[in-house]
Amino acid sequence: MTESPRRILWFRRDLRINDHPALLAAGENHDVVGLFVLDPTLLRDAGGPRTVFLLRCLAALDAAIGGKLLVITGDPVVVVPAVAAAVAADEVHISADYMPYGRKRDDRVRDALATSGVALVATGSPYAVAPGRVRKPDGSNYSVFTPYFGGWTEHGYRGPAGSGSGIVWADIDGVFDPAGFPDRVLPADLLEHQLSGVPNANLSTVAELPVAGEAAAAATWKEFLAGPITDYHDDRNRPDHEGTSRLSPYLKWGCIHPRTLLADVKGLPGTGPASYRREIAWREFFADLVFHKPESLKWSLNPIIDDLPWDTGTVADQHFEAWKQGRTGFPYIDAAMRQLLTQGWMHNRLRMSVGSFLVKDLHLRWQLGAAHFMDYLVDGDIASNNQGWLWVAGGGPQASPFFRIFHPITQGLKFDPDGDYVRKFVPELADIPGAMIHTPWDLPGGPPNGYPMPIIDHQAEREETLRRWAARPPKPLSSQQVQQAAKHAARLAAKEVAERATDHPS
Ligand SMILES: Cc1cc2nc3c(=O)[nH]c(=O)nc-3n(C[C@H](O)[C@H](O)[C@H](O)COP(=O)(O)OP(=O)(O)OC[C@H]3O[C@@H](n4cnc5c(N)ncnc54)[C@H](O)[C@@H]3O)c2cc1C
């Protein structure tokens, strides 16, 4: 045992030192040991861009705490108690995890620590309002965004937790025996990604990942606050503008906390900051939905969607491949799919359009698209991604109706009117001026430079989707559903256009 009391801050999706309630709790009258566990189970499902970005975030965190971050590969149920014993810590502090895997893991780690009298203490979460907190007056959870947003606003959230600069990072040299931890990963390996020994780690990456870490997150946010936020309400729908904050990868790994963002936009005039706050609430709403309905990570909550006849076989496989590679022959769709491959990111409007294209033009299951997104998105977040796909596919409680089908050409003409977005990611078409880029098959001689002809006829596939929907297996409605449908129809008749325009995650 050593003289100075120590606690562990087990970092997970909170890779920062400021506005970090769990870190402040750990550091109260104690030196803190920073620990991150590279869990092979989580790495198995993480795509290359996300894993590489994570490693770079860890390297940045390590530098920020004077090179004192312990990174160890293994099952947290084994690693966390072993490190607690090795550094003689009496408590392990965490930001609570609300996703299904994280909740179970934390329960197991709590039990394992308890056998040696060490407490697992949770303070805060990756959200401004933790999942499960916002409830209807009758105690049930919300399944539609607009009322949730009202409840979330009424519930309120705390201000930022303050700076972590006063934390004393424990000096464990001479206490911690590295020989007992052969799976320790050194900072240099994090940066260089020399992690061939880490089970399941996918280190294939894309060329253009954002700069990682807390300082980069703060700089990105500052830049957004200094300008683009003013026009965010309109610009967030324009993939040809740099109109969104690009904070999603940082929010994913907790390099910045939504509480900080919400505090900074509070009181700012205009529609931009108000819209931004609403988008942050979408992230919280989706986490809340998954908290209450973890099964929605795999299946549609409306079972009719999964029961529809979906395409399989050779042509379906070819279509899926063309979609993944950005070679469908629809420039707006292909630009987005190529942005995903080269930047590990895609604009929200395009996430909806390419999703609709996969599900309603190619008749492929949403789960295929969700998995491909998780392989490539640097911001890949299980709750936002799956609920985003459920929204697109009409499979969630808060969803676009299945019969709403995005048009792959008119969406491009509307949101990328001069074709600048397409031009950036589809070099074969770069010489086509203006809006003509969206319909290259109309050019004399067809699409240039080997760019493909459309792989499907949108109008025909749209009709096919509607045909399959009309022929869906009948499912009798309960009397409660009949009443709800009648109320819903009356409400829609009153303000249909306005409701549909605002009640979708864009
Ligand atoms: C099919 C589909 C899959 C998606 N997968 C993910 C994912 O894996 N990870 C992810 O973070 N977002 C996902 N989104 C939501 C959204 O597309 C991204 O959050 C957004 O594009 C990130 O860019 P930004 O940070 O510039 O967003 P901004 O417009 O600047 O928004 C600020 C923040 O608000 C949150 N936000 C904005 N829109 C949404 C939304 N529709 N749903 C949930 N949160 C939102 C994000 O945290 C975002 O960083 C998905 C959306 C769809 C339709």
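In strand β5, L120 is the bridge partner of V92. This pair belongs to the contact between strand β4 (residues 89–94) and β5, which are joined in the parallel sense over four bridges. Strands here are DSSP runs of E with at least two residues, helices are runs of H or I with at least four, and both are numbered from the N terminus. Two strands count as paired if DSSP finds at least two bridges between them. The model is predicted: local features need pLDDT of at least 70 and side-chain atom pairs count only at pLDDT 80 or more, while totals for chains, interfaces and linings use all residues. Residues are numbered from 1 along each chain as its sequence is written.

The sheet that holds β4 and β5 is open and has six strands, in the order β5-β4-β1-β2-β3-β6, with mixed pairing. β5 and β6 (184–185) stand at the edges with a single partner strand each, so one side of each has no neighbour in the sheet. Strands of a sheet pair through backbone hydrogen bonds, either parallel or antiparallel.

Strand β1 (residues 6–11) pairs with β2 in the parallel sense over six bridges. Between these two strands the chain passes through helix α1 (residues 21–27), and this β-α-β crossover is right-handed; that is, with the strands pointing away from the viewer, the path from the first strand over the helix to the second runs clockwise. W10 stands opposite L35 in β2. On to strand β3 (residues 70–73), β2 is joined by four bridges, and the two run parallel. Here F36 stands opposite V71 in β3. Strand β2 (residues 31–38) is largely enclosed by the rest of the structure, because seven of its eight residues are buried. A residue is called buried if 20 or more other C-beta atoms lie within 10 Å of its own, exposed if 12 or fewer do, and partly exposed in between, with C-beta atoms placed from the backbone.

The largest nonpolar core has 122 residues, of which I8, L35, C57, L58, V80, V92 and A336 touch the most other members. The largest share of this core, 10 residues, comes from helix α3 (residues 48–64). A nonpolar core is a set of buried Ala, Val, Leu, Ile, Met, Phe, Trp, Tyr and Cys residues joined through C-beta atoms within 7 Å. Not counting residues up to four places away in sequence, I8 touches V33, L35, V83, A84, V87, A89, V92 and H93. Contact means that the C-beta atoms of two residues, placed from the backbone, lie within 7 Å.

S116 lies in the loop between α5 (100–114) and β5 (119–122). This residue is exposed, because 9 other C-beta atoms lie within 10 Å. Apart from neighbours within four places in sequence, S116 is in contact with P81 and A85.

For residues 5–128, an unreviewed UniProt entry lists "domain: Photolyase/cryptochrome alpha/beta". The span is 44% helix and 23% strand, and its end C-alpha atoms lie 31 Å apart.

The protein chain as a whole has 22 helices and six strands. Of its 506 residues, 43% count as buried. Among contacts between residues at least 6 apart in sequence, 76% join residues at least 24 apart. The C-alpha atoms fill a box of roughly 80 × 55 × 50 Å along the principal axes.

Notes: UniProt positions renumbered as here; feature names shortened; annotations may be inferred.
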